[in-house]
Amino acid sequence: MKIGIVCYPTFGGSGVVATELGKALANNGHQVHFITYSQPARLDFFSENLFYHEVAINQYPLFDFPPYETALASKLVDVVRFEGLDLLHVHYAIPHASVAFLAKQILKTYGINIPVVTTLHGTDITLVGKDKSFSPVVTFSINQSDGVTTVSENLKEQTLEYFDVHNGIKVIPNFIDLQRFHNKNHEHFKKAIAPNHERVIVHTSNFRKVKRVEDVVRIFHKVTQEVPSKLLMVGDGPERRNAEELARELGITDSIRFLGKQDAIEEILSIADLFLMPSGSESFGLAALEAMACKVPVVSSNTGGLPELNKEGFSGFLSDVGDIDDMAKNSIYILEDCQRLNEFKENALQRAKDFELSKIVPIYENFYSEVIEKV
Ligand code: GMT
């Protein structure tokens, strides 16, 4: 198939899933065209089946807000027509689903009926999409898509609850490439971070409010009083400063490192004993899956799609959002006993294997075929 992928090219989860999906499809022999405003973060190599079309935006002085949607729709029309695409797969509803609808209508004037698949990732529904300033467009464009997928059952339920959607929705979870994400023996690196055999706890995110990074610091503060530990905070975003300030207030800065954005996240996860994800909302939890693939158990909140990934008492534990005491208690339980910790580590990997790339990508391929046949 010739597939066009539209996504945010940044480090966000939806962009990562879209890019990894495109790479996997290209590996399976499909021709994949990324259409976006800059090179996707994980697309920094050459492959004969991968193409990148940059959306250039005209900076005319009249535009207080450069019309990205118009430029993207025009680019989609161009790429579909001249590359002969079979299907467009847009990731994150806003604005990609409505732009795809516009491109589809324009393409009809050229006698082309391009099938459009929309994947809803989470905040496009749970935070941003529900906003009244977006919801009519989100509802309309979901209903106009030829195929709709969500990354968890919970996100499907939320979509149906908050939007008047009469289109069918297929759940296709996030997936993981175990060739890249696996536990590598990095004892020397672990020694440098935890010279006195402390446990290593990791959090990775975009440090937005929804990630509750201050909860991470508070949980760690409680844990380290019982089990000597170090905390690695990976990523960056608006809440980083608050988390740093809180660490200073609690007097634990010597035990926490804020590493900022990192590409080789699997190297850091390889020295971790526990991953914390106390999010206020999380449609799937790709970062937790990446940790599990590297044999890292997860202590998380029980919001959104997290219970579909993290199995209570097996790969980790789940608590109510904001229940720092319970998350700290569960972390201590996992970390305090070596044999128990090793069991949780093995279980985490077992659970991650359920979401292996080779199991999930064919679900997308079959769905594309169904949608193309229907249109
Ligand atoms: O907020 C983020 O974590 C980024 C966001 C995105 O859309 O870029 O991630 C969402 O999509 C990921 C991939 O499908 C999911 O694994 C994340 O759970 C989801 N984030 C939230 O729902 C907060």
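Residues 187-350 are 45% helix and 18% strand, with end C-alpha atoms 23 Å apart; helices (H or I, at least four residues) and strands (E, at least two) are DSSP runs, numbered from the N terminus. For this stretch UniProt lists "domain: Glycosyl transferase family" in an unreviewed entry; UniProt positions follow the numbering used here, feature names are shortened, and annotations may be inferred rather than shown by experiment. This is a predicted model, in which local features need pLDDT of at least 70, side-chain atom pairs count only at pLDDT 80 or more, and totals for chains, interfaces and linings use all residues. Residues are numbered from 1 along each chain as its sequence is written.

**Confidence**
- The chain has a mean pLDDT (the predictor's confidence in each residue, from 0 to 100) of 95, and 99% of its residues reach 70 or more.
- For the complex, the predictor gives an ipTM of 0.96 and a pTM of 0.96.

**Ligand shell**
- The ligand is surrounded by 19 residues, the closest being G12, G13, S14, G122 and L286; a residue is near a molecule if its C-beta atom, placed from the backbone, lies within 6 Å of it.
- Helix α1 (residues 13-27) gives the largest share of the shell, 4 residues.
- The ligand lies between domain 1 (2-174 + 357-374) and domain 2 (187-353), because both give residues to its shell; the domain bounds come from an automatic or database domain assignment.

**Sheet**
- An open sheet of 7 strands runs in the order β3-β2-β1-β4-β5-β6-β7, with parallel pairing; two strands pair if DSSP finds at least two bridges between them.
- Its edge strands, β3 (50-54) and β7 (170-171), each pair on one side only.
- Strands β4 (residues 87-91) and β5 (residues 116-120) pair in the parallel sense over 4 bridges.
- H89 has V117 in β5 as its bridge partner.
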